[in-house]
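Here are my notes on the model, point by point. Please read them alongside the sequence and the coordinates.

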Amino acid sequence: MLELTEIFKSVQGESTYMGLPCVFVRLTGCNLRCVWCDTAYAFQGGKKLSIDKILEEIKSHGIDLVEITGGEPLMQKEVFPLMDTLLKNNFRVMLETGGSLSIKDVPAEVIKIIDLKCPGSGEKEKNHWDNLNHLASTDEIKFVITDRADYEWSRSTLEKYELDKKSHILFSPVFDKLPLKDLAEWILEDNLPVRLQTQLHKHIWDKNAQGV
């Protein structure tokens, strides 16, 4: 059984898959408390569902792209058999994780999106750096950037670990905190090999809307 906050169909709001129809499986619980978190409602509560019931609901949407997110999905050990089940049923599976827990045992076929925590999140010390050794070229590393200091930390981290040679790199401003235009200009000034992204769903629906 997995503790689940919601399952819903929407367009991918982030990542290199932005804009594609996707089914989201949001698991309950998180071990981090990022300052800018927009999903605090997933910290607790929810309902318990079996993998078979989750699979049934996902199939009902008729979409083959699935993202498992949270909260922090890797807190629940049953997420691993869930990922295996989805892969066996020919879904393309994405996993979005806060980067504080190991991804070592995540199936290789799963597209992993690791959110490396910048200083502005208040959780930088929780980054599990060994995760960088378990990334494939199909995986993604996301930096959620609050201000210029976060940008400079992200740029330094990118260069130090040569992250662009490992996976796709995403630079995303904290919504309503850092103007998208400012981040775009900084990236262009430095010619960084990163993808600028925004949270597309917040431009389409209300920024506080759930289940989209």
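1. Helix H3 lies across strand S6 (111–116), strand S7 (140–145) and S8 in this predicted model, where contact means heavy atoms within 4.5 Å. H3 runs at about 155 degrees to S7; axes are lines fitted to C-alpha atoms, for helices over the stretch in contact, and angles run from 0 to 180 degrees between N-to-C directions. Helices (H or I, at least four residues) and strands (E, at least two) are DSSP runs, numbered from the N terminus.

2. Residues are numbered from 1 along each chain as its sequence is written. Local features need pLDDT of at least 70, side-chain atom pairs count only at pLDDT 80 or more, and totals for chains, interfaces and linings use all residues, while side-chain values use heavy atoms, with hydrogens and water left out.

3. The loop between helix H3 (148–160) and strand S8 (168–173) contains Ser167. Ser167 is buried, at a relative accessible area of 6% (buried is under 20%, exposed over 50%, partly exposed in between; 1.4 Å probe, protein chains only). Beyond neighbours within four places in sequence, Ser167 has contacts that include Leu135, Ala136 and Asp139.

4. In helix H2 (residues 79–88), the buried residues are Val79, Phe80, Leu82, Met83 and Leu86. They cover an arc of only 160 degrees around the axis, so they sit on the same side of H2; the arc is taken from the directions from the helix axis to the C-beta atoms. Just after H2, Asn90 has a positive phi of about 65 degrees.
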